[in-house]
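Biologist: Please take a close look at one residue of this protein chain and the part of the fold in which it sits. I would like one connected account, with each cut-off stated.

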Amino acid sequence: LVFRERSVDIYRDTPILAAPPIFNTLLMGSELRNALMSGLGKATVLMNGRVTDQKMAGFDVLLSNNVPRVWDNTVGKWCYHLISLLKKANALAFYPAQSREIEDVNDWMKYTQSRYVYGFGTIYPEFMVDAYVTFTP
């Protein structure tokens, strides 16, 4: 996966790869499990049946059961949408909408109760990649 940007150095931001657990299972069963380096300067070592520090080839690997999958009749298998992105592609914002202080009648404690408005979204869709893949054991 290659990210290109015209005006800003993208190598300051760590890319993320969201993959299903089967990705890690098949990776550890492949010939890469004994690879000392995967080819990039910032690559991590794959040893002992796991991705070291959840990194691989400079990507932060996030294993999740929530990765979208669909049944593909063409290949007769489950296919996954592996999402890869730079952290700056998305944004999350919180804003305190209301707040009040409550006194406990049985104690000297005071509690703050707040309501927050929050939202998230994609800011730079060009920094996101959706790879449609299937895994063959």
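Modeller: Helices (H or I, at least four residues) and strands (E, at least two) are DSSP runs, numbered from the N terminus. In those terms the protein chain reads β-α-β-β-β-β-β-β-β-β-β along its sequence, with 1 helix and 10 strands. This is a predicted model, in which local features need pLDDT of at least 70 and side-chain atom pairs count only at pLDDT 80 or more, while totals for chains, interfaces and linings use all residues. Residues are numbered from 1 along each chain as its sequence is written, and side-chain values use heavy atoms, with hydrogens and water left out.

D60 is buried, with a relative accessible area of 16%, where buried means under 20% relative accessible area, exposed over 50% and partly exposed in between (1.4 Å probe, protein chains only). Leaving aside neighbours within four places in sequence, D60 is in contact (heavy atoms within 4.5 Å) with T14, P15, I16, L17, Q54, K55 and K87.

Two of these partners lead to the nonpolar cores, each a set of buried Ala, Val, Leu, Ile, Met, Phe, Trp, Tyr and Cys residues joined through side-chain atoms within 4.5 Å. L17 belongs to the largest one, which has 12 residues in all, including F59 and V61; β1 (15-19), α1 (21-28), β5 (59-63) and β7 (77-86) each give two or more residues to this core. Across the protein chain, 25% of the 137 residues count as buried.
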